[in-house]
Amino acid sequence: MLKKPSLFVSALAVAILTAGGYLYWANRPTALRATQVFMWIKSPDSHPEWKLSAGMHCQGAPFAFPTTGIAGFLWGDTIQFGHRHQGIDIFSGTDIGITRVFAVYPGYLTRLPGWKSAVIERVPDDPLKPGRQIWVYYAHMANANGSSFISPDFPPGTSEKKIDAGTFLGFMGDYSGDPNNPVGVHLHISIDKDDHGHFMNELDINNTYDPSSYFGLALNASVNKDQIPVCTPNSP
């Protein structure tokens, strides 16, 4: 007859698992990048080479950078335990409602009636794979209470409005859905897959594409484990 594990053994196993989880969490690649991001937000002048400019094209990539700031958290970063980040978080180092957000590529813009801080752009012809449709999702353009910073050109209910690259979309905010727990001032942007003419749920990283080649930046956390991406602009 098998003996049940003793209380001591069970407690030891829990302690080992807890310690292992803590060590993983504290030493994951995102941890170093997070430290760099928080340092930069406190002192943006400390690393001017990290700052990217709105409209910048890097290394011949098709998408323009959507705003001014640093690409702080990347596609695949572990920001929450057990969850891989499905886009890019771009931090401005400014207050809410100041830093402008622009469209990265020509397309058709939609803002669902209930969206306070987000818009999504349909790109019918993927520049990296012609004939494939993709969607570009922009979020956190509202304050903590949900007052929108999205351009008045795109009121709730906007559907399939044609836009150009560089179209002004709104301002960065800190909206999280919970007024008591605002996120830091940033833009979240992801490149979403298409499902028979509809965008997929971008909260699942499997429904998004690696943005690296679209922006010409090292935006894949499994490749760029701990660095803030920097840009080599197009030659004149």
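Which residues does N207 touch, not counting residues up to four places away in sequence? The residues are I191, D192, K193, M200 and N201, where contact means heavy atoms within 4.5 Å. N207 is found in the loop between β12 and α3; helices (H or I, at least four residues) and strands (E, at least two) are DSSP runs, numbered from the N terminus. N207 counts as buried because its relative accessibility is 13%; buried means under 20% relative accessible area, exposed over 50%, and partly exposed in between (1.4 Å probe, protein chains only).

The model is predicted, so local features need pLDDT of at least 70 and side-chain atom pairs count only at pLDDT 80 or more, while totals for chains, interfaces and linings use all residues. Residues are numbered from 1 along each chain as its sequence is written, and side-chain values use heavy atoms, with hydrogens and water left out.

We turn next to the nonpolar cores. A nonpolar core is a set of buried Ala, Val, Leu, Ile, Met, Phe, Trp, Tyr and Cys residues joined through side-chain atoms within 4.5 Å. The largest one has 34 residues, and F63, Y138, L169, I189, F215 and L217 touch the most other members. Two or more residues of this core come from each of β4 (88-91), β7 (119-123), β8 (134-139), β11 (186-195) and α3 (212-215). Beyond its neighbours within four places in sequence, I189 is in contact with P66, G87, I88, I90, V104, V136, Y137, Y138 and F215. A second, separate core has eight residues, including V37, W50, F73 and I228.

Aromatic rings come next. Rings of Phe, Tyr and Trp (its six-membered ring) pair if their centres lie within 6.5 Å; planes under 30 degrees apart count as stacked, over 60 as edge-to-face and the rest as tilted. The structure holds 10 aromatic pairs. One of them, F63 with F215, is edge-to-face, at 5.5 Å centre to centre and 80 degrees between the planes. This pair links distant parts of the chain, 152 residues apart: F63 is in the loop between α2 (29-42) and β1 (70-73), and F215 is in helix α3. F63 counts as buried because its relative accessibility is 0%. F63, F65, Y105, Y214 and F215 form one aromatic cluster.

Charges also meet rings. A charge sits over a ring if NZ of Lys or CZ of Arg is within 6 Å of the ring centre and within 35 degrees of the ring normal. R100 lies over the face of F168, 4.6 Å from the ring centre, and the charged end of R132 sits over the ring of Y209, 4.1 Å from its centre.
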